[in-house]
Amino acid sequence: MNYQNINKKLKIVISVGDESGIGPEIILKALCSHEIPKNIDFILVGSKKNLIYTHSHLKSLGLKNLANPKNLKIHDLAISLSDNDTKSSYGNSSFYYLTKAIEIVKQYPNSALVTGPICKKSWSLAGHYFSGQTEVLAKSCGVRKVGMLFTAKSPITGWRFNTLLATTHIALCEVPKQLTAELIHSKLDLFKDFCNTFSDKPILKVAGLNPHAGEEGILGHEEKDWLNDALITWNKKNKDIKLLGPLSPDSCWNSSVKAWNDKKAEKHDGILAMYHDQGLIPMKVIALHYSVNTTIGLPFIRTSPDHGTGFDIAGKGIAQSQSMIEAIKTAIEMTNNSRLLNTH
């Protein structure tokens, strides 16, 4: 992307996430990266004291390429932490960082939200019963139809790799109960709008729920009972889309591997996965640190690095920041794309 064409009034609001994890570290590393344009107005939402401490600690470990919190615009939320229940305290603070960040983004038409990793268990311990940040965003914005989409731009070919989830943070046994023709149609509508911003005639694939997409009812009945018909019905109303599926999940992403690595390979615009791990395993294996979580269907762009809090490596200075860099770059690119924003 040519960052010289970016609207200079563009604001990127960054919610720090769970500060007991790697969120502060990867943010300070990312904002110092040469890949991030300098003409962006960044606003961090979190604890200024914690960010200054993280910067000082990482410097003591010998790290040099770090943004200095003293030079950053920080919306300082000094939320008290309990020595008796630190996990709950950090969960509480990360929840309020997110809600404040959403509030700030809503104030500026030309802005986007980038969220740091949070711990769902810590949220629960603090009394915030949401299965993830996506659900908080949907409720805060008053929208029912949102999509959890993972996107990555290949550094090898420049191809954008997209996987949308039909169901998100639910137990595997609940997936068949939640999947319906109406849900699939809703997700495909969102996916079409997203992919239309990059291609006039997108090619979308749909993974089957069962092994071998059910093998005509031998290995599962959902495809035969309703999914096949649901896709045919939707495609009749959206004839500009080439829709393929339901495809066998074990080979559905083979073409993605080729497109990621080979400029001459056939390209597709997106794959709809039936459940969380079905889509996330190939996404993370293929795109590794370049994958970004984005919520489509909101009135603004929201992105997040495609990894967790990394409690086991927090404070060691070894957390990779590429996914956070990609999350920021993607937020900038998509917010600068007026065509994309007009679809929401």
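**Entry 1: D269**

I looked up D269 in this predicted model and found the residue buried, yet without a salt bridge. The nearest side chain of opposite charge belongs to R160, and I noted its distance as 9.4 Å. A salt bridge requires a side-chain nitrogen of Lys or Arg within 4 Å of a carboxyl oxygen, so R160 does not qualify as a partner of D269.

What does the side chain of D269 reach? I found the backbone nitrogen of I203, at 2.7 Å. As to position, D269 lies in the loop that runs between α9 (254-261) and β9 (270-273). I then listed the contacts of D269, leaving aside neighbours within four places in sequence: N162, C195, S199, K201, P202, I203 and L204.

**Entry 2**

I turned next to β9. G270 and L272 point to one side of this strand, while I271 and A273 point to the other, and all are buried. In a regular strand the side chains alternate between the two faces of the sheet.

Which strands pair with β9? I recorded β6 (residues 160-165), which runs parallel to β9 and is joined to β9 by three bridges. Within that pairing, A273 of β9 stands opposite L165. I also recorded β7, which pairs with β9 in the parallel sense, again over three bridges. Here I271 of β9 is the bridge partner of K205.

**Entry 2: from β7 to β8**

I followed β7 (residues 203-207) to β8 (residues 242-247) and found a parallel pairing over four bridges. In this pairing L243 of β8 is opposite L204.

**Entry 3: K100**

My last entry concerns K100, which I found in helix α3 (residues 86-107). Its side chain makes a polar contact with the side chain of E103, at 3.0 Å. Leaving aside neighbours within four places in sequence, I listed V45, H75 and L77 as the residues in contact with K100.

Terms used
Residues are numbered from 1 along each chain as its sequence is written. This is a predicted model: local features need pLDDT of at least 70, side-chain atom pairs count only at pLDDT 80 or more; totals for chains, interfaces and linings use all residues. Side-chain values use heavy atoms; hydrogens and water are left out. Two strands pair if DSSP finds at least two bridges between them. A polar contact is a pair of N or O atoms within 3.5 Å; within protein, one must be able to donate a hydrogen and the other to accept it, and residues adjacent in sequence count only if both atoms are side-chain atoms. Contact means heavy atoms within 4.5 Å. Buried means under 20% relative accessible area, exposed over 50%, partly exposed in between (1.4 Å probe, protein chains only). Lys and Arg count as positive and Asp and Glu as negative; His and the chain ends are not counted.
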